[in-house]
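Please look over the sequence and the model first.

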Amino acid sequence: MAALSRGEEQPAPRIIALNEDLAVQLGFDPKWLRSPEGLEFLLGHGVGGTADESPAHAMAYAGFQFGQYNPTMGDGRALLLGEVTGPTTVQNPTGLWDLHAKGTGLTPYSRYGSDGRGTLRSMLREYLFSEAMHALGVPTTRSLAVIATGRPIQRQIIEEAGVLVRVASSHIRVGSFHFAAQAAHTNQPNLLQELADYTIERHYPGADYRELFTRVMDAQAATVAGWMQLGFVHGVMNTDNTTLSGETIDYGPCAFMENFDLNTCFSSIDRGGRYRFGRQPDMLGWSLARLAESMLPILGDTPEDGLAWAQEAINGFGQRYHQARCAEAARRLSLPESLLEDYVAALSAHSPDLTQANLALAEAAGGDRSRADALWGDEEFVDKYCASAPRATHTPRVVPRPRLVEAALEDVSSFPHLLDAVTHPYTPAPDYEQPGGTEGYLTYCGT
C-alpha cells in the first residue's frame with residue numbers, strides 16, 4: 001500500500017515554523033532539525049540526503065470525493081518519512097507516531113497535471129489550525145514544521161511553495177480500507193484482514209473486527225461533536241480525509257464559523273454545500289457506511305451475517321452521535337441533555353457569534369447575565385440554562401477567526417502572535433477575541 005519515493009530538491013529551503021516542544025516529545029533535537037541535515041530529512045531526502053538511510057514512502061489509498069468513488073488515489077504530493085516513538089494518548093496507545101511531509105513534489109500517485117507542491121500559505125494554515133485544535137482538546141494531527149522552499153508556484157496568484165511536516169498517530173484512512181477491499185478482489189486477497197489487524201494493533205488493542213468498526217464510529221463521532229460545539233467547518237470530509245484513529249486530518253479549505261448558521265460553507269470547491277457545517281454529522285455517518293461496506297468480508301462468518309450486522313451498526317450511528325454531542329456540550333458548558341435542542345434552536349433563531357455566545361453562557365453560569373441576554377436574544381433559554389446549575393465551563397475565548405487567519409498569512413511576521421493566541425485559547429487575548437466578519441469569505445486548498 002505504499003511506494004518508495006523521494007522529495008524533490010528545493011532551491012532555497014528554510015524553516016518558517018518549528019514546533020520545538022513537539023520535537024522534544026518525539027525525541028528530536030530542535031537544533032538538528034534546523035540544521036542542513038535536519039532539513040534534508042524533513043524534505044524527504046533521507047538522513048544526510050541519502051534516501052537509503054531513511055526511505056520515504058508515498059501511501060496508496062482510494063476514496064469517495066464529494067460522493068464520487070476514485071479507486072486510484074494516494075499521496076500525490078506527500079511522503080511518509082517514517083515512525084518515531086513518543087507519548088501515548090487515547091488515539092495512540094502504542095506511542096508510535098507517523099512523520100508525514102506535504103508538498104514534497106511528484107510521487108508515483110500524483111495525478112495528471114499535478115506538480116506535487118502546495119503553497120506556503122496553505123502549509124502555515126494547517127500548522128495554525130492543527131495546533132489550535134490540539135489546544136482546544138479536539139483529536140487532531142499535529143504540526144512539527146513548515147519549510148519555505150524558495151520556489152514560486154502558480155495558484156490563484158504566483159506565490160512561494162512550502163512543505164508541512166505533520167505528526168499523526170497513523171495515516172490509516174477510511175480510504176485505506178477502500179483500497180484494501182478492492183485489492184482483495186485482485187492480487188492481494190489478504191490485504192483487508194492485514195490492514196484491519198494492523199489498525200487494531202495500532203489503535204484499538206484487543207478489539208475484534210466488529211469492535212474495531214464501532215470504536216472508530218465512536219472516535220469519529222466524538223471528534224465531529226467537538227467541531228460542532230466550536231463552530232469548525234472542515235470543508236472536505238471525503239473518505240480519504242477520515243481517519244481510523246478519529247483524529248482530524250487535512251486542514252484544507254477549513255474555517256471557524258462566527259455567526260451561527262447551520263448552512264455555513266466556506267470552501268470554494270464545495271459549490272453544492274455537501275460539507276456545510278450542519279451536514280457534518282450526516283456526512284460522517286455516510287462515510288462510516290462506506291467503511292462498513294469495505295469491511296463486509298471480515299464482519300461476519302457469511303456475507304449475509306456481515307451485512308446484517310453492519311446495517312444494524314450503521315442504523316445505530318445517529319444515537320451514538322447524539323450521545324457524543326451531548327457529552328461535548330456537557331464538557332464545554334455543563335449543558336444538560338434536556339437543553340441541547342433548545343440550545344441549538346436558540347442559536348439558529350438569533351445567529352450570534354458562536355464563540356462569544358458560549359462565553360456569555362459561561363459568564364451567566366458565574367452570575368453575570370449581561371452579555372448572555374444581549375447575545376442570545378432569548379431570556380427564557382438563558383433562564384433554563386442558569387436553572388440547570390451549570391458548573392465551571394471549558395469554553396474557549398479564542399479560535400482562529402477567518403479574517404485574523406488571512407491577515408497572519410499575508411504578514412508572516414504577525415503569524416507567531418496569532419499562533420500563540422490560538423494555542424492558549426482559554427487565556428484572555430482582546431486583540432484576537434472579537435468577530436471580524438465572514439461575508440463573502442472563501443477558503444482554498446492551496447494544492
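The points below cover strands, salt bridges and cavities in turn.

This is a predicted model, in which local features need pLDDT of at least 70, side-chain atom pairs count only at pLDDT 80 or more, and totals for chains, interfaces and linings use all residues. Residues are numbered from 1 along each chain as its sequence is written, and side-chain values use heavy atoms, with hydrogens and water left out. Helices (H or I, at least four residues) and strands (E, at least two) are DSSP runs, numbered from the N terminus.

**Strand β8 and its partners**

- Buried means under 20% relative accessible area, exposed means over 50%, and partly exposed lies in between (1.4 Å probe, protein chains only).
- Strand β2 (residues 14-18) pairs with β8 in the antiparallel sense over four bridges. Two strands count as paired if DSSP finds at least two bridges between them.
- Opposite I15 stands I147 in β8.
- Strand β9 (residues 158-168) also pairs with β8 in the antiparallel sense, over nine bridges.
- P152 has E160 in β9 as its bridge partner.
- Three residues lie between β8 and β9, which form a hairpin.

**Strand β1**

- The covered face of strand β1 (residues 2-5) holds A3 and S5, whereas A2 and L4 are on the uncovered face.
- Strand β3 (residues 56-59) is an antiparallel partner of β1, with four bridges between them.
- On β3, A56 stands opposite S5.

**Salt bridges**

- Side chains of opposite charge can pair when their charged atoms come close.
- The whole structure contains 33 salt bridges by the search used here. A salt bridge is a side-chain nitrogen of Lys or Arg within 4 Å of a carboxyl oxygen of Asp or Glu.
- R142 counts as buried because its relative accessibility is 13%. E131 has a relative accessible area of 6% and is therefore buried.
- Another salt bridge brings together the side chains of D250 and R166 (2.7 Å, N to O). D250 lies in the loop between β10 (232-233) and β11 (255-256), while R166 lies in strand β9, so the pair ties together parts that are 84 residues apart in sequence.
- D250 and R166 are both buried.
- D250 forms a salt bridge with R173 as well, and here the closest N and O atoms are 3.3 Å apart. This pair links distant parts of the chain, 77 residues apart: R173 is in the loop between β9 and α5 (174-183), and D250 is in the loop between β10 and β11.
- R173 is buried, as is D250.
- A network of salt bridges links D75, K102, E126, R166, R173 and D250.

**Cavities**

- Two cavities of 30 Å³ or more are found in a search of the whole structure. On a 1 Å grid over the protein atoms alone, a cavity is a set of points where a 1.4 Å probe fits but cannot get out, and lining residues have an atom within 4 Å of a point. Grid points are joined across faces, edges and corners, and a volume is the space filled by probe spheres set on the points.
- The largest cavity has a volume of about 90 Å³. Its lining has 14 residues, and Q220, W227, H234, N241 and T242 are the closest to its centre.
- Helices α7 (209-230) and α8 (280-295) each supply at least two residues of the lining of the largest cavity. The largest share of this lining, three residues, comes from α7.
- By type, the lining of the largest cavity has five nonpolar, eight polar and one charged residue. Ala, Val, Leu, Ile, Met, Phe, Trp, Tyr, Cys and Pro count as nonpolar, Asp, Glu, Lys and Arg as charged, and the others, Gly among them, as polar.
- The second largest cavity holds about 70 Å³ of space. Among the residues that line this cavity are Q229, L230, R332, L333 and L354.
- Helices α7, α10 (317-333) and α12 (354-365) each supply at least two residues of the lining of the second largest cavity, and α12 gives the most, with three residues.
- The lining of the second largest cavity divides into five nonpolar, four polar and one charged residue.

Technical notes
1 Å grid on protein atoms, 1.4 Å probe; cavity = no way out; pocket = protein on both sides within 12 Å on 5 of 7 lines; lining within 4 Å.
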